[in-house]
Amino acid sequence: MDSTRLVYTTWPDSESARAAAGTVLEEGLCACVNLLPGMTSLYRWQGRMESAAECVALFKTTSDRSAALGARLAALHPYEVPAILALPVDTAASDAGFLDWIDEQTRPT
């Protein structure tokens, strides 16, 4: 339960985010994904200021599965340099039942 991770990613559109989410859910690399379409990113790329409409995807997983999840998301991602950030979760401030559920859903069978 103390090993929960939230993996933040951005995708060019809802369809690519949903497809990746379905794949990694089927593979047991995460327990849940939240898709947040309609986000605007402002960033520097190759020396220029850029702006793009994107979809945020938040994956709930464990530290044991986060490296494999990150690698799989990178392989599925259409961007040359995808935004994939694995963030630790403050388990003391989180619902224990939800954390247990994440752990159960991502346990290899």
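## Before we start

Strands here are DSSP runs of E at least two residues long, and helices are runs of H or I of at least four, both numbered from the N terminus. This is a predicted model, where local features need pLDDT of at least 70 and side-chain atom pairs count only at pLDDT 80 or more, while totals for chains, interfaces and linings use all residues. Residues are numbered from 1 along each chain as its sequence is written, and side-chain values use heavy atoms, leaving out hydrogens and water.

## The largest pocket

A pocket is an open set of points on a 1 Å grid over the protein atoms alone, where a 1.4 Å probe fits, with protein on both sides within 12 Å along at least five of seven lines; lining residues have an atom within 4 Å of a point. The largest pocket holds about 250 Å³ of space, a volume filled by probe spheres set on points joined across faces, edges and corners.

Who lines it? β2 (32-45) and β1 (4-11) each bring at least two residues, and β2 gives the most, with three. The lining includes Tyr8, Trp45, Glu54 and Pro82. By type, the lining has seven nonpolar residues (Ala, Val, Leu, Ile, Met, Phe, Trp, Tyr, Cys or Pro), two charged (Asp, Glu, Lys or Arg) and two polar (the others, Gly among them).

Cysteine 55 is in no disulfide either, with the sulfur of cysteine 32 nearest at 13 Å. Cysteine 55 is buried too, at 0%.

Technical notes: A disulfide is a pair of cysteine sulfur atoms within 2.5 Å. Buried means under 20% relative accessible area, exposed over 50%, partly exposed in between (1.4 Å probe, protein chains only).
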